Amino acid sequence: MAQKLSVKETLEATYQLLQKQQDPRCRELVDEWPELKKKYEKDLFEFTVRDRTIRLPLTVTSLSGTGIRKIALPQYKDWGDLLKWQLQENVPGKFPFTAGVFDLKREGEDPTRMFAGEGCPERTNKRFHYVSADAPAKRLSTAFDSVTLYGEDPGHRPDIYGKIGNSGVSIATVDDAKKLYSGFDLCDPATSVSMTINGPAPVLLAFFLNAAIDQQCEKYITAHQLWDKADAVRREKFENGRPPQYRNPLAPQGLPEGHNGLGLRLLGLSGRKVLDTEVYTAIRADALMKVRGTVQADILKEDQAQNTCIFSTEFALKLMGDVQEYFIQNKVRNFYSVSISGYHIAEAGANPVTQLAFTLANGFTYVEYYLSRGMHIDDFAPSLSFFFSNGMDPEYSVIGRVARRIWAKAIKNIYKGNERSQKLKYHIQTSGRSLHAQEIDFNDIRTTLQALYAIYDNCNSLHTNAYDEAITTPTEESVRRAMAIQLIINRELGTARSENFIQGSFVIEELTDLVEEAVLAEFDRINERGGVLGAMERMYQRNKIQEESLYYEMKKNDGSLPLIGVNTFLNKQGSPTLLPGEVIRSTEPEKEQQIANLNDFQKRNEAQSTRALLKLKDAAVAGDNLFEVLMDCVETCSLGQITHALYEVGGQYRRSM
């Protein structure tokens with residue numbers, strides 16, 4: 001007769017059986033929880049980033065003497081609650097990265113990245129030095145004029161002349177790029193540059209990278225006392241013409257405050273013409289590995305929302321793939337090859353759920369395309385970044401959480417990417433659409449609340465709009481106020497010292513689940529239409545954005561969506577649209593200077609540009625990597641010359657009707 005088991009033995013047997021049935025990873029999470037908790041109870045947190053061990057304090061002390069923990073952990077005791085929390089939330093820096101992709105925020109560098117661009121390169125360079133003055137990290141974001149956005153050169157043509165340098169900076173040559181970013185060491189770890197450019201993005205990126213390389217050549221020439229040789233090369237090249245100069249027509253007194261002259265001594269020259277080939281090649285390789293920043297280059301959202309497409313979609317995708325392949329081959333690991341953008345989708349009228357769903361769907365489309373070209377997921381996924389808008393709707397409070405969770409799960413479980421590939425990093429810009437031309441002072445209040453959403457959600461960088469952007473390009477005064485919004489939140493607001501402040505909120509957790517479910521449902525609708533590209537052929541994305549924009553405008557106009565100072569709480573005068581006291585526009589001297597500089601550049605490089613453009617077209621026909629050719633081509637060719645050469649071999653954009 002079998003011996004009857006005691007209650008204790010029965011429970012232990014049942015426990016062992018259930019433990020065997022449990023997923024090993026889930027069992028591991030439960031077992032590791034006590035150690036994880038101890039780790040966050042210490043005074044210092046130790047973690048590793050790219051083989052570097054970093055130690056940061058885990059607490060801050062308030063004026064009242066209260067010790068505030070940067071990361072607060074749940075007080076759950078039940079294993080089921082703990083497991084669910086770790087699988088869906090977890091601490092920052094741990095899969096699925098809902099709370100953030102890094103263990104702790106970087107110290108000594110605010111997420112501030114201010115957008116600037118107006119007039120000639122020298123004028124925008126002055127603004128860059130203004131917005132980054134005294135900042136330990138120089139985080140620049142570049143707006144280009146519509147002439148540049150459409151890949152054209154400045155000129156006297158009626159449809160071009162009036163747009164030169166308006167609502168963005170005019171950039172047509174590599175010398176323009178050198179002036180634009182001069183005075184900033186583009187290879188310094190504390191410097192990063194973002195460029196909002198899409199159709200001609202590979203060309204502008206080549207301008208930028210060459211400017212960064214030549215800056216390092218300047219530093220080498222100075223260190224090795226080779227300026228006599230460089231000056232001899234310059235005299236020979238400009239024997240019959242004038243060399244390019246840094247000249248701001250609005251500030252003829254010279255370089256802006258804080259400008260050290262870096263980047264200007266090789267204007268009109270390439271470092272390769274001065275240095276030995278081996279030395280130049282080594283400098284170039286080192287610069288490419290160090291340079292930090294982002295180029296937008298998101299052609300899918302251009303078709304869906306913003307409209308600055310210039311090449312056929314297929315050819316634009318090929319150019320994007322060529323850039324990424326070049327990055328892999330040259331170990332460009334600190335520069336994002338694309339910023340997959342929801343901001344423009346939102347600005348065109350999409351609600352936050354649609355913005356997020358379309359943006360992530362576009363991101364996965366790039367993943368599929370790069371994989372189809374034979375690239376490995378872990379070679380390119382870390383080079384992808386994202387860009388979202390933050391408005392006033394409740395869903396914006398969780399847009400980063402949902403994006404990180406969906407991306408991490410898909411990259412890990414479907415594409416088998418490593419941890420670095422699973423980390424979705426994104427930039428937030430407060431909503432331009434929410435800025436109103438009535439009662440413009442109220443716009444700062446909206447921007448502050450939107451910035452708070454972003455900072456509480458652990459965005460990786462942030463641009464706060466200026467209150468007067470509804471009526472003019474921001475002035476220095478309004479930009480300073482916009483920057484102060486971020487600084488006050490980050491440095492004065494006590495709750496911002498917590499790095500997972502919104503974790504544990506019932507409404508935040510419910511909103512996260514609801515938005516995630518809605519995004520996945522939108523994925524299904526896109527998939528039913530043949531994926532992102534199939535849906536684009538049917539104009540599905542554009543139609544949905546337009547419908548949501550119309551819904552917003554109807555609610556705004558009938559007053560059912562209250563907007564303070566716009567359709568309710570009007571002042572005694574009825575809150576009329578305000579006329580700006582100062583309208584920022586490019587001047588005639590700036591336009592003429594850009595055209596003259598372009599003509600000089602094209603004239604002195606006439607023979608070389610013809611050969612370079614022919615080589616570029618031959619590479620396109622042969623299916624070679626075009627970005628590799630562009631890196632050399634931009635030394636002698638202007639933006640418009642390159643664009644029109646590529647039209648001949650890659651086709652020009654035509655919208656589906």
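A residue counts as buried here when its relative accessible area is under 20%, as exposed over 50% and as partly exposed in between, with a 1.4 Å probe and protein chains only. The model is predicted, so local features need pLDDT of at least 70 and side-chain atom pairs count only at pLDDT 80 or more, while totals for chains, interfaces and linings use all residues. Residues are numbered from 1 along each chain as its sequence is written, and side-chain values use heavy atoms, with hydrogens and water left out.

Strand 12 (residues 426-430) is mostly covered, with five of its five residues buried. Tyr426, Ile428 and Thr430 point one way from the strand, His427 and Gln429 point the other way, and all are buried. Strands here are DSSP E runs of at least two residues and helices are H or I runs of at least four, numbered from the N terminus; two strands pair if DSSP finds at least two bridges between them. Strand 11 (residues 384-390) runs parallel to strand 12, joined by five bridges, and Phe387 has His427 as its bridge partner. Strand 13 (residues 461-463) also pairs with strand 12 in the parallel sense, over three bridges; there, Ile428 is partnered by Leu462.

Now for the helices. The axes of helix 8 (residues 201-223) and helix 10 (residues 277-290), lines fitted to C-alpha atoms over the stretch in contact, come within 9 Å and cross at roughly 125°. Contact (heavy atoms within 4.5 Å) involves, among others, Leu209, Ile213 and Tyr220 of helix 8 and Val279, Ile283 and Leu288 of helix 10.

Conventions: Axes fitted to C-alpha atoms, helices over the stretch in contact; angles between N-to-C directions.
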